[in-house]
Amino acid sequence: MYQTFRRMTVDMSRMQDAIGMITMARDRLNNEHGGNYAVSVAVGGDPAEVSLSSPFETLGDYETMRAAAAQDPVIQSIVRMGGDVLTSVQDSIAQIIKPPAPRGSFVTVNTAMMHMPAVVDAVAFAIEVADFVEKKNGNATGVMTAVTGNRAQLAWLGFSESLEQLGNDLQTLETDPDYLAFFARSENLFAPGTLEQSFWQMLP
């Protein structure tokens, strides 16, 4: 299974127009083409960042969606509108190694760069961490690895229903000695200084 992302940077003076345009594209892809797209905005990061993402069972399914979008005049009209409100667009694809819980209102994304000679052990370690987090907070934590871009990138994804719940879950983990022990064990699996965390809010 795969996850696709289109990360966009918006002209802040046109944020309202951009959100309207991107959610319109999401609704069209979902309602007319059977997609499962979601729109989210960065929280506590770059306020101009917006993401359009969707899971696909196979890359063939993604190819079919891309072909349908290319032939849809409404989608193509929306794409043309993007030139007026977006300053950058980048697509990426990840493979879902362990599925996350169903979408919530907020998502936490932790990314790190694996040492490629240790990639098998790093992925197994990531699944172990995800299983531990799931037992602590009750929500399935997903694990993904990059298919496009830097192949060393690995990500953990976890959903929450509120920022308060997100913060409480983090506090629970960061005061747990068994969780903190994972950091020491990761030393030979991930490149130092590459662990990054971001929060995203899902839009209706």
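Guide: A salt bridge is a side-chain nitrogen of Lys or Arg within 4 Å of a carboxyl oxygen of Asp or Glu. This is a predicted model, in which local features need pLDDT of at least 70 and side-chain atom pairs count only at pLDDT 80 or more, while totals for chains, interfaces and linings use all residues. Residues are numbered from 1 along each chain as its sequence is written, and side-chain values use heavy atoms, with hydrogens and water left out.

Visitor: What makes K98 and E134 a salt bridge?

Guide: Their side chains come to 2.9 Å, N to O. The limit is 4 Å, so the pair qualifies. K98 lies in strand β4 and E134 in helix α4, 36 residues apart; helices (H or I, at least four residues) and strands (E, at least two) are DSSP runs, numbered from the N terminus. Salt bridges with shared partners join K98, D131 and E134 into one network.

Visitor: Why is K98 called buried?

Guide: Buried means under 20% relative accessible area, exposed means over 50%, and partly exposed is in between (1.4 Å probe, protein chains only). K98 has 12% relative accessibility, so K98 counts as buried. E134 has 29%, so E134 is partly exposed.

Visitor: How many salt bridges does the structure hold?

Guide: The structure holds 9 salt bridges. One of them joins R6 and D91, with the closest N and O atoms 2.6 Å apart. R6 is in strand β1 (residues 2-10) and D91 in strand β4 (residues 86-98), 85 residues apart.

Visitor: Which residues make the contact between α4 and α5?

Guide: F132, V133, K136 and N137 of α4 meet D169, T172 and L173 of α5, where contact means heavy atoms within 4.5 Å. Helix α4 covers residues 119-137 and helix α5 residues 163-174.

Methods: Axes fitted to C-alpha atoms, helices over the stretch in contact; angles between N-to-C directions.
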